[in-house]
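Student: Could you walk me through how to read aromatic pairs, helix packing and burial in a model like the one we are about to open? I would like the general idea each time, then the case at hand.

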Amino acid sequence: MTTGAVDTQKRGDLAARWSGGRSPWDLSWGKLMMWLFLISDAMTFAALLVGLWVARLGSPAWPNRLEIMNLQFVAAMTVILICSSTTMALAVYAARQGARRQAVWFLAATIAAGCLFAGMQATEWSHFIGEGARLTGNPWGVPAFSFTFFVITGLHGAHVLGGIVYLWIIADRIARGLSSAEGLEIAGLYWGFVDLVWVFIWSSIYLL
C-alpha cells in the first residue's frame, strides 16, 4: 500500500469516527458520563476550597491546627486512602487480564481501606466535636474554621461512603460475571478522584 493510500485510509477512518455511532475519543457512554460527573464534582470541591482560602486569608487569625488536631492520625488516614488507589489499580489490571477472582480480592482490599478511612474520619469528627467545634462556632473564635472543616470533609466523607457501596456492588457483579473490566475501570475513575480530592483537602485544611 502506498503512502498516499495509507493517508487516505487514515482520513477515512477519522471521518468515520465523527459520522455517528462511535465516540471520536474512543470512550464508552458510561466512561464519558463518569468523566462529566467527575468534572462537575471537581468544580464543587474547587469552589469549597476557594471559599476556605478566602475565609482564611480574610480572617485576622486562624487557629493553630497542631494544637487542635492530631496531624499524625490524619497522615495515617491519608496513607491508607492512597494505598487504596494501588489496590484499585491492581483490581482493574486483574480484570483486564481476565482474573476475576483476583480482581474481587483487590476490590475487597480497597473496600476495607475505604471503611478504615471512614471510621478514622468519624473518630476525628468525634474528637473535634468533643473539643466544642460546631458549624456555627468553636472555642477558637473563628466560626469559619469549623464550618469549612465540617462541610468540606463531610462532603468528601459522603463520597467515600458512596464509593464503598459502589465498589461493593461492582465486586459482587464481577464475582458473578455480570460486569466487565470496563465497568470496573469506570468505578476506578471515581475512586481515584476521591483519593485525589483528599490530597487537596489534606493540604488545605491540615498542612498549609
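**Reading the rings and the helices**

Tutor: Happy to. Let's begin with the rings: there are 14 aromatic pairs here, and keep in mind that this is a predicted model.

Student: Which arrangement do Trp62 and Phe145 adopt as an aromatic pair?

Tutor: The general idea is to look at the angle between ring planes, where over 60 degrees counts as edge-to-face. Trp62 and Phe145 have 90° between their planes and lie 5.6 Å centre to centre, so they are edge-to-face by that cut-off.

Student: Where do Trp62 and Phe145 lie along the chain?

Tutor: Trp62 sits in the loop between α2 and α3 (65–68), while Phe145 belongs to helix α6. The two are 83 residues apart in sequence, so the pair ties those parts together.

Student: Is Phe145 buried or exposed?

Tutor: For burial, the cut-off is under 20% relative accessible area. Phe145 has 2% relative accessibility and is buried.

Student: What is the geometry of the pair formed by Phe128 and Phe149?

Tutor: That pair is tilted, with 55° between the planes and 4.4 Å centre to centre. It also links distant parts of the chain: Phe128 is in helix α5 (residues 100–130) and Phe149 is in helix α6, 21 residues apart. Phe128 is buried at a relative accessible area of 1%, and Phe149 is buried with 1% relative accessibility.

Student: Which residues form the aromatic cluster?

Tutor: One cluster takes in Trp62, Phe117, Trp125, Phe128, Trp140, Phe145, Phe149, Phe150, Trp198 and Tyr206.

Student: Let's turn to helix packing. At roughly what angle do the axes of α2 and α6 cross?

Tutor: Read the axis distance and the crossing angle together. Helix α2 (residues 29–58) and helix α6 (residues 143–175) have axes that come within 9 Å and cross at roughly 160°. That angle makes α2 roughly antiparallel to α6, and their crossing is left-handed.

Student: Which residues make the contact between α2 and α6?

Tutor: On α2 they are Met34, Asp41, Thr44, Phe45, Leu48, Leu49, Leu52 and Ala55; on α6 they are Ala144, Thr148, Val151, Ile152, Leu155, His156, His159 and Tyr166. By class, this contact of α2 with α6 has eleven nonpolar, four polar and one charged residues.

Student: How are α5 and α7 oriented to each other, roughly parallel or antiparallel?

Tutor: The axes of α5 and helix α7 (residues 181–207) come within 13 Å and cross at roughly 30°. The two helices are therefore roughly parallel to each other, and this crossing of α5 and α7 is left-handed. Ala103, Leu107, Thr110, Gly114, Phe117, Gln121 and Glu124 of α5 meet Leu184, Trp191, Trp198 and Tyr206 of α7. The residues of that contact divide into seven nonpolar, three polar and one charged.

Definitions and conventions. Residues are numbered from 1 along each chain as its sequence is written. This is a predicted model: local features need pLDDT of at least 70, side-chain atom pairs count only at pLDDT 80 or more; totals for chains, interfaces and linings use all residues. Side-chain values use heavy atoms; hydrogens and water are left out. Axes are lines fitted to C-alpha atoms, for helices over the stretch in contact, and angles run from 0 to 180 degrees between N-to-C directions. Helices (H or I, at least four residues) and strands (E, at least two) are DSSP runs, numbered from the N terminus. Angles under 35 degrees count as roughly parallel, over 145 as roughly antiparallel, 65 to 115 as roughly perpendicular and the rest as oblique. A crossing is left-handed if the near helix is turned anticlockwise from the far one by less than a right angle, and right-handed if clockwise. Contact means heavy atoms within 4.5 Å. Ala, Val, Leu, Ile, Met, Phe, Trp, Tyr, Cys and Pro count as nonpolar, Asp, Glu, Lys and Arg as charged, and the others, Gly among them, as polar. Rings of Phe, Tyr and Trp (its six-membered ring) pair if their centres lie within 6.5 Å; planes under 30 degrees apart count as stacked, over 60 as edge-to-face and the rest as tilted. Buried means under 20% relative accessible area, exposed over 50%, partly exposed in between (1.4 Å probe, protein chains only).
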